[in-house]
Each structure stands twice: as C-alpha cells, then as structure tokens.
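Hello,

Here is the structure I promised to pass on to you. Please have a look at it first; my notes on what was found follow below.

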Amino acid sequence: MGINLASMTKIMKCAGNEDTLTMKAQDNADTVTFVFESKSQDRVSDYEMKLMNLDREYLGIPVSILFESNIIL
C-alpha cells in the first residue's frame with residue numbers, strides 16, 4: 001500500500017503550527033486517517049485518505065542492490 005503524496009500535502013496544509021497530528025490505520029485497511037488537534041484541544045479535524053495499491057513488480061524494486069563506495073576520513 002502507498003500514499004499519494006500530493007493528496008497528503010493538501011491535508012497537511014490544513015494543520016496549524018501548534019497542532020498535534022495523529023495518523024491512524026487499521027491492519028490490512030485501505031485508508032489512513034489524519035487527526036489534527038489544536039494545542040488547547042478546542043479544535044479537532046479528521047481527514048481520511050484512501051491508500052494506493054502498489055504493484056512491486058510494476059515499480060521494478062530490486063530485491064538487493066550492491067553499491068561500491070570509498071570513504072576517506
């Protein structure tokens with residue numbers, strides 16, 4: 001499962017500078033819930049976003065990748 005970052009950015013812009021964010025998701029769920037609470041807890045906002053079903057083979061994520069590196073201190 002994946003999150004559409006463009007949609008998540010729009011949701012995050014709804015938060016205030018002092019708000020507390022709680023992200024909730026059930027096991028094997030297809031949605032995630034964002035709960036914003038103001039510092040004084042007089043305002044609570046809930047947003048629910050559908051998760052994306054990603055196909056690993058389509059993305060071409062390799063099982064293991066080896067990188068060569070040289071570190072000089």
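The chain exposes about 6600 Å², and carbon and sulfur atoms supply 51% of it. Accessible areas come from the Shrake-Rupley method with a 1.4 Å probe, and for residues only the protein chains shown count as cover. Before you go further: this is a predicted model, in which local features need pLDDT of at least 70, side-chain atom pairs count only at pLDDT 80 or more, and totals for chains, interfaces and linings use all residues. Residues are numbered from 1 along each chain as its sequence is written, and side-chain values use heavy atoms, with hydrogens and water left out.

First, the overall layout. The chain has two helices and three strands, where helices (H or I, at least four residues) and strands (E, at least two) are DSSP runs numbered from the N terminus. From the N terminus on, the elements run α-β-β-β-α. Of the 73 residues, 18% count as buried; buried means under 20% relative accessible area, exposed over 50%, and partly exposed in between. Contacts (heavy atoms within 4.5 Å) with a separation of 6 or more include 31% between residues 24 or more positions apart.

Next, the sheet. The three strands form an open sheet in the order β1-β2-β3, with antiparallel pairing; two strands pair if DSSP finds at least two bridges between them. β1 and β3 are the edge strands, each pairing on one side only. On average, neighbouring strands of this sheet are turned by 20 degrees against each other, direction ignored. The axes behind such angles are lines fitted to C-alpha atoms, for helices over the stretch in contact, and angles run from 0 to 180 degrees between N-to-C directions. Five bridges join β1 and β2 in the antiparallel sense, and Leu-21 stands opposite Phe-36 in β2. Helix α1 packs on the sheet and touches β1, β2 and β3; its direction makes about 20 degrees with that of β2.

Phe-36 lies in β2 (residues 31-37) and Tyr-47 in β3 (residues 44-50), so the pair ties together parts that are 11 residues apart in sequence. Phe-36 is buried at 2% relative accessible area, whereas Tyr-47 is partly exposed at 27%.

Finally, the charged side chains. What links them? There are three salt bridges, each a side-chain nitrogen of Lys or Arg within 4 Å of a carboxyl oxygen of Asp or Glu.

- Lys-39 and Glu-18 meet at 3.7 Å, N to O. Lys-39 lies in the loop between β2 and β3 and Glu-18 in the loop between α1 (5-12) and β1 (20-24), so the pair ties together parts 21 residues apart in sequence. Both residues are exposed.
- Asp-19 and Arg-43 meet at 2.9 Å, N to O. Asp-19 is buried, with a relative accessible area of 19%, and Arg-43 is partly exposed at 35%.
- Lys-50 and Asp-30 meet at 2.8 Å, N to O. Lys-50 is exposed at 58%, while Asp-30 is partly exposed at 38%.

Best wishes

How values were computed: Buried < 20%, exposed > 50% of the residue type's maximum accessible area, 1.4 Å probe, protein only.
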